[in-house]
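Please open the structure in a viewer and keep the selection tool at hand.

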Protein chains: 2
Amino acid sequence: MHIALDAMGGDHGPRELIAGALAAAEQADLDVLLVGNETVLARHVQELAAGRDGGRRLEIVHAPTTVGMDENPVDAIRKKRDSSIMVAFELVKSGRAAAAVSAGNSGATLAAAVRILGRLKNVARPGLASIFPTLKGPVVIMDVGANVECRPIHLYQFAVMASAFSRLYHVEKPRVGLLTIGEESGKGNSLVKETYALLQKSALNFIGNVEGRDVFKGDVDVIVCDGFVGNICLKISEGLAESAMKMLRDEIVKSPLAKLGYLLARPAFKKFQKRVDYAEYGGAPLLGIKGSGIICHGKSSAYAIKNALIEAMEMERLKINDFISRELEGGVTVQPEVA
Amino acid sequence: MHIALDAMGGDHGPRELIAGALAAAEQADLDVLLVGNETVLARHVQELAAGRDGGRRLEIVHAPTTVGMDENPVDAIRKKRDSSIMVAFELVKSGRAAAAVSAGNSGATLAAAVRILGRLKNVARPGLASIFPTLKGPVVIMDVGANVECRPIHLYQFAVMASAFSRLYHVEKPRVGLLTIGEESGKGNSLVKETYALLQKSALNFIGNVEGRDVFKGDVDVIVCDGFVGNICLKISEGLAESAMKMLRDEIVKSPLAKLGYLLARPAFKKFQKRVDYAEYGGAPLLGIKGSGIICHGKSSAYAIKNALIEAMEMERLKINDFISRELEGGVTVQPEVA
């Protein structure tokens, strides 16, 4: 299977991305189409792939321009049709690649994916899901920023799409929770209250409302919310994790004894960090489009890129989109006119 | 100054609350009116206050009933007018107490405060603020759950009220941020976009949009959002902090070397925990009511209660409500008809 990688996006540049592609090609049964400036990419590939098995499974596809991390997404995809992000999704559309992965400008990646591949049949709004680590298995939260204002039918569809995606984690009947501010059914804003009724009537394994404090407990597999709330949850969690580690480090370096203690406990810290590291989970899957797309964090390491490429491959291998289409076509008790 | 304490609320029962009251009375210049079942309270006071200076500054005010943690707030305040929560706020209304503190049913506390004391003049919606620790000073976030659906004028007023409250942290011109999902002014849902315009026209020190990842950085003193988003932020942060510590502990106990290391680094951990502990900040201030009220976490320790009582005293001493009234009366460029 071929996966297209926007090899120009991300904060660390092509080298890190290509290293991730090489690792993916060596670990899983996939080929990577590296999309970007061929001169730049060829140089890095030559250096990195020398004497490695994965080298045979990389192919460069030229894209003359790139979209900057701070460029306006809408402008970018209109004006830069030959950018690495756009070309990556064109490869999916033409069938040369099964899926695309980008760590570049996320707004532009989202817009390019929807524009070029189009929505899956019966999907009102494609969205972005994110995988959060918990005390137990991962939880898939959707939407985390693609849809700022939502209606109940959108949240219902996010639940269907995220449930299909959680097949990647071998979850048979994913437990779906609705993010709100109280456990009882009457709690929340009007969007939540109406969505509750919709989810309850659906064929999904809806377990009811979940609160912010339940997100990391691991007793639910899928959590739905609008993209405004979801994005804030994602960012506040990242910000807290980062700041807390910084504060803890600050306190540890103040005392030689604490520093020694930290050194001894370091393997445990590393294991903890691996457990909570977003890089373990690849990237945020774009769901509801014709094809598979993964949006990675700009600061993604080669390791995160490797996992994202494998994640994209798994989405295709497990035919996540077929599940979504089928579920939204006949398998539900909720009719589209509810919207 | 007398502060009323609902001495029956909270997960740990009266003993913990009274211990907090004693500590507050010994640390600061305040007297505590312990509200609740006098037989129960007298027994605890006798045991705890024996031979302690603070004992003279405690007084019991009988309230025959209590509101359970899970009781419906609206029903509770209608039916239990003689409950410890209601009596505590009645003491504020009658002038016997300057402020009230409760670690009991927060919905009922909020409802009792608004019902009994009423709104401050010019305040459309009283709200609940919460103090988050950051890499630098604390940040005051409002609203965190009292107002699920808000209009721009409400968020503007939250900004005024939280700015006034941040006088407790010696902040002269509090920097106000608007919580949303992108830094540029056009980012967010319609509530955020309209509020942006309102804040920009106001006399507040508005620094623009802030994202979830900025919350813990400490570059902003006040963050406004609707109560739905704010409550989810509060709960997800608590949940993440709790789960992360649990995961880290899980990894540490697996290895004897890591356990030894942890013991050596323990003072640093303690200092870190003190820095991020909500108990340091007392409780969530109820702003916009005639009087001062603090809602504490149900699981508040005596230490948290002590800090909440001192926080309530400071709110009165610094005349936070006068600032709010003055700001909402004449000092703003925004007129009420904006609503």
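The stops below pass from the cores to the contact between the chains.

This is a predicted model, in which local features need pLDDT of at least 70, side-chain atom pairs count only at pLDDT 80 or more, and totals for chains, interfaces and linings use all residues. Residues are numbered from 1 along each chain as its sequence is written, chains are lettered from A and ligands numbered from 1 in the order in which they are written, and side-chain values use heavy atoms, with hydrogens and water left out.

**The cores**

Select A:Leu34 and B:Leu34, the residues with the most contacts inside the largest nonpolar core, which has 220 residues. Such a core is a set of buried (under 20% relative accessible area, 1.4 Å probe, protein chains only) Ala, Val, Leu, Ile, Met, Phe, Trp, Tyr and Cys residues joined through side-chain atoms within 4.5 Å. Among the residues that A:Leu34 touches, beyond four places away in sequence, are A:Leu5, A:Ile18 and A:Val61; contact means heavy atoms within 4.5 Å. Next, select A:Met247, B:Met247, B:Ala268 and B:Phe269, which are included in a second, separate core of 20 residues.

**Between the chains**

Now display both chains: 50 residues of chain A are in contact with 50 residues of chain B. Two salt bridges are counted between them (a side-chain nitrogen of Lys or Arg within 4 Å of a carboxyl oxygen of Asp or Glu). For one salt bridge, select B:Lys235 and A:Glu211, whose closest N and O atoms are 3.0 Å apart.

Conventions:
Buried means under 20% relative accessible area, exposed over 50%, partly exposed in between (1.4 Å probe, protein chains only).
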